[in-house]
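Trainee: I am new to this structure and would like to go through it step by step. Could we begin once it is on the screen?

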Amino acid sequence: MTQREPTPPDQAEDASDRELVARAQQRDAAAYDELVRRYYKRIYALLYNMTSNKEDAEDLIQDVFVKAYDALQRFKGDSSFYTWVYRIAVNRAINYVKRRNKRAGLSLDDMDGGVERDKAYVELSSKESPFRDATLSELQEKLNEALQKLSDKHRAVVVLHDIQGVPHEEISKMLGVSSGTVRSRLFYARQLLQSELAEYAP
Amino acid sequence: MNESELKVYCLEHAGETLPPEAQALLQRDPALQADVARLVAVRNLISLKRYEQPADIAMERCLRAVSQQIRQEPEGWVSRLRTWFTIEHPALAYSTAALALVAVTALVFPRSPATAPLAALDENAPAEVLPEPVLLAVEESDVADIAPTMAAAEAAFPNFDKPIIFLRSESTNLQPSVPRMQIGPGQVVPVNFEY
């Protein structure tokens, strides 16, 4: 089963990030390559889930890492590199989605095989659930469509919290809003999702 | 704990043992219990999206592209400023744009003719001297040779400062039917006849 990426990073990873960041600030490109490797999956997942389009996510992630490198001189270390780069990625994704053609369709990554062993999926596809007749790709499409119906701000909190497992406090730092705002956005977003996904969670 | 607080609590602590107060609330209200169950199910459904994974080659492609770009020349200050505004501080960018709009509006409107106060006339100020037009006089006998003169004038004078060409001719009582004149081979120009 695919585990969520450990977000936020633990203390050892954070210390090692600081060292890499310090080297990258001295224009050590190899150190920055390592940071990209370390955060690629997490940032990709954020961008992919914000756009529901893998090509957009691939373009955006390059842009995010290049822009972050250019801005790295101004990174003072007030937050972790992880929070800082996430903030850049969220802002970039929101800007992009605002400008994107509304008719841009979904372009989805394949689901990892581990989904079929996930407890939530097993329960949903059990005999009692009306979901049992739906295929995995139908579900995937429906989830992405529902997510795209949320506003950018609401989608961002759902992606960060419910998909990526980022704690509320960390999300509040990334988005520059209070923890209470994060919680209320999450609550509102889930209610909207509930109506969109009523057939799967009756 | 009200209904909303209970729902939030249940979502944040799904799978954990709920405090007695929350359990009692849920047991008293089956509709609320069902609602909470639906919200948890939706949250679990959405979390299945974490299984959507990029192809392995995608990371290598990204690494290569980023690595190549950051090893190039550093970007210019305009690009850096754009990054600072649009990527790092988008809220500040919108505020700055709004301020700029207000500033431009404040600068432009007081100076518009409708609202600007009339400037006091200084009767002693010297009048603006307009440049004298260049006059070229051509005799009728030289008409055939005017083309080189015009070509030279075209080259020598910038736009809007073209010379005025006078053609002096013997007086006649015959008006030309068409107010234009051929000067040189193939060149026809409109003319005004003054008597």
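Trainee: In what order do the elements of chain A run from the N terminus on?

Mentor: Bear in mind that this is a predicted model. Chain A has nine helices and zero strands, and read from the N terminus on, its elements run α-α-α-α-α-α-α-α-α.

Trainee: Which parts of chain A does the salt bridge between Asp17(A) and Arg38(A) tie together?

Mentor: The two side chains meet in a salt bridge with an N to O distance of 2.7 Å. Because Asp17(A) lies in one helix and Arg38(A) in another, the pair ties together parts that are 21 residues apart in sequence, namely helix H1 (residues 11-25) and helix H2 (residues 29-51) of chain A.

Trainee: Where does the pair of Arg38(B) and Asp35(B) lie?

Mentor: These residues form a salt bridge in which the closest N and O atoms are 3.5 Å apart. They are three residues apart, about one turn of the helix, and both belong to helix H3 (residues 30-47) of chain B.

Trainee: Which residues form a nonpolar patch on the surface?

Mentor: One of them is Leu107(B), which has its place in helix H6 (residues 90-108) of chain B and counts as exposed at 56% relative accessibility. With about 400 Å² of accessible area together, the residues of the patch are Val104(B), Leu107(B), Val108(B) and Phe109(B).

Note on methods: Residues numbered from 1 in each chain as written. Chains lettered and ligands numbered in written order. Predicted model: local features only at pLDDT ≥ 70, side-chain atom pairs only at ≥ 80, totals over all residues. Heavy atoms only, no water. Patch = residues over 30% accessible without salt bridge, like charges linked within 9 Å, V, L, I, M, F, W, Y side chains within 5 Å. Areas by Shrake-Rupley, 256 points an atom, 1.4 Å probe, with all protein chains shown as cover. Salt bridge = Lys/Arg side-chain N within 4 Å of Asp/Glu carboxyl O. Helix = DSSP H or I, 4+ residues; strand = E, 2+ residues; numbered from the N terminus. Buried < 20%, exposed > 50% of the residue type's maximum accessible area, 1.4 Å probe, protein only.
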